Amino acid sequence: MNVFKKPNLSGGWKCPICGKSDEKEFVLIGIEGTEEGLNIQAEQVHLDCIELTYDTRIGFIYQKIEKGIK
Ligand SMILES: [Zn+2]
């Protein structure tokens, strides 16, 4: 996963986890259900907001976030 320095703030972007638009390191997270061929839409997420959990029973790595924070 690539880490980028400054998020693109156009369109009023806010991190979906913290709800802020701070200019700090971020990663791109693919959005489920948006795959088209080899492409997938992605959301910018602050790197230091990510705290993942690995569910070994179902093979998912995830983070539950508060819906509708944007
Ligand atoms: Zn954040």
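Leu47 is partly exposed, because 13 other C-beta atoms lie within 10 Å. A residue counts as buried if 20 or more other C-beta atoms lie within 10 Å of its own, as exposed if 12 or fewer do, and as partly exposed in between, with C-beta atoms placed from the backbone. The model is predicted: local features need pLDDT of at least 70, side-chain atom pairs count only at pLDDT 80 or more, and totals for chains, interfaces and linings use all residues. Residues are numbered from 1 along each chain as its sequence is written.

In the chain, Leu47 belongs to the loop between β2 and β3 (53-55). Strands here are DSSP runs of E with at least two residues, helices are runs of H or I with at least four residues, and both are numbered from the N terminus. When residues up to four places away in sequence are not counted, Leu47 touches Val3, Glu25, Phe26 and Val27; two residues are in contact if their C-beta atoms, placed from the backbone, lie within 7 Å.

## Leu28 in strand β1

Strand β1 contains Leu28. Leu28 is partly exposed, because its C-beta atom has 16 others within 10 Å.

The contacts of Leu28 are with Ala42 and Gln44, not counting residues up to four places away in sequence. Between Leu28 and Cys49 the C-alpha to C-alpha distance is 13 Å, and these two are 21 residues apart in sequence.

Glu32 is found in the loop between β1 (26-30) and β2 (42-46). Which exposure class does Glu32 fall into, and why? Glu32 is exposed, because 8 other C-beta atoms lie within 10 Å.

Glu32 and His46 are 14 residues apart in sequence, and their C-alpha atoms are 18 Å apart in space.

## The chain as a whole

The chain has 0 helices and 4 strands, and its pattern along the sequence reads β-β-β-β. Its C-alpha trace spans about 35 × 30 × 25 Å along the principal axes.

Of the 70 residues in the chain, 6% are buried. Among contacts in the chain with a separation of 6 or more, 37% are between residues 24 or more positions apart.
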